[in-house]
Amino acid sequence: MLLAKRLENLHPYVPGEQPKDRVYIKLNANENPYPPCKAVAKAVKKAVAKNISNLGLYPDPDSNDLRFAIAEMLNETGGCFNNSKEAKKALPFTITPDMIFCGNGSDEVLSFVFYTFFDSDRPLVMPEFTYSFYPVYCGYYNIPMCQVPLKETWELDVDKMLEEANKNDSAIIFANPNAPTGIALKRAEVAAMIEKAPKDKIFIVDEAYADFGDESCIPLLEKYDNLVIVRTFSKSLSFAGMRLGYIVASPDLVRSVFTVKNSFNHFPVDFLAQKAGIASCENYDYCEENARKVVAERESITKFLRERGWFVIDSKTNFIFAKKDGVKGTDIYQAVKKAGILIRHFATPGIEEFVRISIGTKKQMDLLKSVLEEV
Ligand code: PMP
């Protein structure tokens, strides 16, 4: 036997397709249709031009300047681009750099988080439909899972998740807003959930899409020491190609994740990504504006499809999850692909009628609407 036995537990994550045979409009991977701000290009250019030998040296292993820049951005935004001015000021404490841990995309950060906090002696509680990398990491780290079905309304079944977590004294993880449904629990609802969840186990909220919603759970960190919030630069900060993700949590928990990182890869965030990330945080108002445009297009396509008889779930993200009675999800996907637009269709039983459409620019969405008119 050449292969390790543990490989049998691996069922790799399948990302949205990235075909090279033709140029498609990509509305299939929840990427941001707008490029990063100009300051990012300048920062990268300057970093290389100033001293090219920087690329021959190892970067800061802990991304300290970047952690500082992220903390500043969060303190100014309150953790959500879409926050009202009052809500922004409402952050009840100052986020310090020692509450931030950075990694090579939030997928990697999640991997460190799974290794740091979840054991194989009890199931990790999560919704049945949520970010599909969580079950993959459970296989990778041999962590049993308890996948709780969503309610008929496609919302999280919070009571059932709590019941399961309290049965085995388990940790909980979910995305908020959730993927692929796009539905968000309010911060107050998450707080009520943490109150009733096991206190000696970690409670993870993955906020990959929070900047397109109404609020973040970051303010809850003041009260709950077992809360870990996972965030990404890939969506609202237009950095999917750069690979940057981070967690916000108490300094003690962050220190434990550093132990895992330093036992696996000392330098997960390269020199250029650190420089680019800092420039992005310092100029977040550009991305804030883009997030507003994405939200406006999301509301527009939701209305458009509903007027044509589609079922569209209310989304707080940069994508919608929608279906049309009598039309197969895969047929919608194929018809749209023929027109040069990629959207996502899942073969998973229970959601196979749906398509997930990432929100593009107005021009891209207008084209999509004209194609969907025919479906
Ligand atoms: N969490 C959720 C809920 C996601 O949808 C994604 C993107 N697929 C990620 C995390 C990972 O994002 P990234 O690795 O690009 O930071």
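**Notes on the salt bridges**

1. Arg231 is buried, at 4% relative accessible area (buried is under 20%, exposed over 50%, partly exposed in between, with a 1.4 Å probe and protein chains only). Its partner in a salt bridge is Asp211, with 3.6 Å between the closest N and O atoms. Arg231 sits in strand S7 (residues 227–232) and Asp211 in the loop between strand S6 (203–206) and S7, so the pair ties together parts 20 residues apart in sequence. Asp211 is buried too, at 7% relative accessibility.

2. Some ground rules: this is a predicted model, where local features need pLDDT of at least 70 and side-chain atom pairs count only at pLDDT 80 or more, while totals for chains, interfaces and linings use all residues. Residues are numbered from 1 along each chain as its sequence is written, and side-chain values use heavy atoms, leaving out hydrogens and water.

3. A salt bridge here means a side-chain nitrogen of Lys or Arg within 4 Å of a carboxyl oxygen of Asp or Glu. That rule gives 24 salt bridges.

4. Asp214 pairs with Lys316, closest N and O atoms 2.9 Å apart. The two are 102 residues apart: Asp214 is in the loop between S6 and S7, Lys316 in the loop between strands S9 (311–312) and S10 (319–323). Asp214 is partly exposed at 44%, and Lys316 is partly exposed at 28%.

5. Glu163 and Lys160 form a salt bridge at 3.5 Å, N to O. They are three residues apart in helix H6 (residues 158–168), about one helical turn (helices, H or I, at least four residues, and strands, E, at least two, are DSSP runs numbered from the N terminus).
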